[in-house]
Amino acid sequence: MTLEKRLRQYIIPNMFATIGMSCYILIDTLFISIAEGTNGITALNLALPIYSLIFAIGSMIGMGFATRYTIIKENNKDVSKMMFSHAIMWELLLSIIFVLLGLFCSSMILKIMGGDEIILKTGTTYLKIVLICAPFFMLNNTIVPFVRNDYAPKHAMIATLLSSFYNIVFDYIFIFPMHMGMAGAALATGTAPIMSMLVCMIHYLSKKNTIKFHFVFPSIKYLIQACQLGTSYFINEIASGITTTAFNYILLGLDGNIAVAAYGVIANYALVGNSLFNGISQGQQPLLSELYGQGNIEGTRRVLKHALFIGLGIAGCLIVIVVLFSSQLVSLFNSDGSKMLEIYANKGMIIYFIGYIFASMNMIRASYFSATNKPKKSFMIAISRGILSIIVFALILSKLFGMTGVWLSFPVAELFTLLITMKE
């Protein structure tokens, strides 16, 4: 079997899984827009960076330990067997921090994120439930990658898709028939990872499984090694939260809640784009790490080229869809019929999605460097596109071009990152 075919066997199931996750967020937003209107979308958008932080830390630990496991298992089986246990212990320990924040600081956090009294009333319960459910999110971000790295990518896909289906169904039940509003949306989202983990248990209890959990005292040394390899995944996940936070503050200054709601629409569709390229990035990791562990550098480069080819093709398709159907896509989340939201979001969608030509290459290359034990190169790409460049360009371009400058900052930042990290 060719490397290209093996790559597709990993990334196609993973792309379906990540698309499923993004779709439940889209539908969650749709239900909230119907039930709570513009205020609901604004509250959700202010809470999303906190959700991104939970997911980012969970991904850094889970993907980092899973990558480390795959790289060393050929040459150091005794140590590799302990990676899963250390990952689980660290996810549990760190998730406690979020639970405490949810119990005691939800309203304060939402206020810091820019919420006024109306938004605090709408979104505090949502954020509290999401934070209390942090252990489920974080554990799931270890359990699923290890299933994928244990030669079961289709099983990982099924687990994620069933979790997404659960979320959509119970979103509807909690929000509408049970009249729970934002709290219902949060409850469906917060408990969905339980479904994913239960499905993954089928693999862990099967004869094909090679990964076992043993109670261990969590090692800081192993955590640091894993986080070095998981940094790009952390920044890829947290980037959306940081971008959302920066954009929210800028947009609140430009045109208040309506501008934030317009970005909320764009940000939710951007989750689909991010999920596709995350699917490629995470899907290529097991194969890349296996080839690197075997010393097959030429093979890793072949895998990278094929992944980039797939990524650019998908980016092109996304741009065509947005250009042709932006009005229809925006109208789905404009239950209040706001003309200004429609104008802002239509224009913003087209400009923003052009950035995926460059973002696809940056995300895939960052994952490549992480999977082949080059954390510094991966970090350089991730920190530039996810934090430094996007914030700098958002501040500069918004001053020069207003709302248009905010939308432009994403493609400009991604192009800048690509140009300064072109080698390999």
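Student: Are Y356 and F410 buried or exposed?
Tutor: Happy to start there, and keep in mind that this is a predicted model. Residues count as buried when their relative accessible area is under 20%. By that cut-off, Y356 and F410 are both buried.

Student: What kind of aromatic pair do Y356 and F410 make?
Tutor: A pair of aromatic rings is described by the distance of the centres and the angle of the planes. The ring centres of Y356 and F410 are 5.3 Å apart, and their planes meet at 65 degrees. An angle over 60 degrees counts as edge-to-face, so the pair of Y356 and F410 is edge-to-face.

Student: How many residues apart in sequence are the parts that this pair ties together?
Tutor: Y356 belongs to helix α11 (residues 356-371). F410 belongs to helix α13 (residues 403-420). The pair therefore ties together parts whose separation in sequence is 54 residues.

Student: Which residues form one aromatic cluster with Y356 and F410?
Tutor: The structure holds 19 aromatic pairs. Y356 and F410 belong to one aromatic cluster, and the other members are F277, Y352 and F353.

Student: How many disulfides are there?
Tutor: Take C200, which is buried with a relative accessible area of 0%. The closest cysteine sulfur to that of C200 is in C133, 18 Å away and too far for a bond, since a disulfide needs the two sulfur atoms within 2.5 Å. For the structure, the count of disulfides is zero.

Student: With which residues is Q282 in contact, leaving aside its neighbours within four places in sequence?
Tutor: Q282 sits in helix α8 (residues 220-293). It is buried, at 13% relative accessible area. With those neighbours left aside, the contacts of Q282 are N14, M63, R148, Y233, E237 and S367.

Student: Where is Y151, which has a positive phi although it is not a glycine?
Tutor: Most residues other than glycine have a negative phi, and most peptide bonds are trans. Y151 has a phi of about 65 degrees, and its relative accessibility of 47% makes it partly exposed. Its place is in the loop between α5 and α6 (153-175).

Student: What does the radius of gyration say about how compact the chain is?
Tutor: The chain has 13 helices and zero strands. Its radius of gyration is 20 Å, close to the 22 Å that the globule rule gives for 424 residues. The chain is therefore as compact as a globular protein of that length.

Student: How much of the contacts with a separation of 6 or more comes from residues 24 or more positions apart?
Tutor: For context, buried residues make up 62% of the chain. Among contacts with a separation of 6 or more, the share from residues 24 or more positions apart is 84%.

Student: Where in the chain is confidence lowest?
Tutor: The mean pLDDT of the chain is 89, and 99% of its residues reach 70 or more. Confidence is highest in helix α5 (residues 134-149), at 95. It is lowest, at a mean of 76, in helix α2 (residues 77-80).

Technical notes
Residues numbered from 1 in each chain as written. Predicted model: local features only at pLDDT ≥ 70, side-chain atom pairs only at ≥ 80, totals over all residues. Heavy atoms only, no water. Phe/Tyr/Trp six-rings, centres within 6.5 Å; stacked < 30°, edge-to-face > 60°. Helix = DSSP H or I, 4+ residues; strand = E, 2+ residues; numbered from the N terminus. Buried < 20%, exposed > 50% of the residue type's maximum accessible area, 1.4 Å probe, protein only. Contact = heavy atoms within 4.5 Å. pLDDT = per-residue confidence, 0-100. Rg over C-alpha atoms; globule rule 2.2 N^0.38 Å.
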